[in-house]
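Here are some short notes on this entry. Please read them with the coordinates open.

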Amino acid sequence: MPHAFDSFPVLHTERLDLIEVTSSHTPDLFQLVTDTRVSRFFNVMPATQVNDMEKVVDRFRKMYADKTGIRWAIQLKGATNIIGTIGFYNITDKHRGVLAYAILPEYWNKGYVSEALKEVLRFGFKELELRRVDAEIRPGNIPSERVLLKYGFTHEGLLRQWVLWNGEYQNMNMYALVVNDWMVNNA
């Protein structure tokens, strides 16, 4: 597995720092996952209090320790709070990873996800040596689909009854970006 798992990598963009999710972020994570404008598009762990977010932090730490995922907290430069998360899960060595991200609604339509995504994709293809990045998007999440298309993802199809969510099997749209297509625009 690439050296990216030797110590947690902190990434920087013009306006953002992508840092390790820690216990100090549990209030911000709680705000993120309990906002129905955010949670309607992805299956989140049920939470009724801030302490429930410790399980999320532990899950992110375990994914990283097991080298199966990496999830960054998205933080505005100079801030202490986080505004969202972004990263990969289900990483397979030098092959593929599944992209996931979420951001608080007050930061939507300001280019923050795009900015973070550009750096995370660079990291995935260069540092993790991924060949493919998948993104499973719930039907109706048009803003996420637009961001993915902007960065060269291809809509590969509808995955019928792909996930069990709230007791029902849900469809997901599969988007993917392969390293050769990414390199065309980022060489």
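1. Start with E136. Its opposite number in β8 is M174. The model is predicted, so treat this pairing as part of a predicted model. The two strands involved are β6 (residues 132-137) and β8 (residues 168-178). They pair in the antiparallel sense, over six bridges.

2. β8 has another partner. Strand β7 (residues 154-165) runs antiparallel to β8, and eight bridges join them.

3. β7 and β8 form a hairpin, with two residues between them. N166 sits in that turn and has a positive phi of about 55 degrees.

4. Now the helices. How do α1 and α3 cross? The axes of α1 (residues 26-34) and α3 (residues 53-65) come within 9 Å, and the crossing angle is roughly 100 degrees. The two helices therefore count as roughly perpendicular, a class that spans 65 to 115 degrees. On the α1 side, T26, L29, F30 and V33 make the contact. On the α3 side, M53, E54, V56 and V57 do. By class, the contact has six nonpolar residues, one polar and one charged.

5. Last, D93. It lies in the loop between β4 (84-92) and β5 (96-103). D93 and R138 are 45 residues apart in sequence. In space, their C-alpha atoms are 26 Å apart.

Methods
Residues are numbered from 1 along each chain as its sequence is written. This is a predicted model: local features need pLDDT of at least 70, side-chain atom pairs count only at pLDDT 80 or more; totals for chains, interfaces and linings use all residues. Side-chain values use heavy atoms; hydrogens and water are left out. Helices (H or I, at least four residues) and strands (E, at least two) are DSSP runs, numbered from the N terminus. Two strands pair if DSSP finds at least two bridges between them. Axes are lines fitted to C-alpha atoms, for helices over the stretch in contact, and angles run from 0 to 180 degrees between N-to-C directions. Angles under 35 degrees count as roughly parallel, over 145 as roughly antiparallel, 65 to 115 as roughly perpendicular and the rest as oblique. Contact means heavy atoms within 4.5 Å. Ala, Val, Leu, Ile, Met, Phe, Trp, Tyr, Cys and Pro count as nonpolar, Asp, Glu, Lys and Arg as charged, and the others, Gly among them, as polar.
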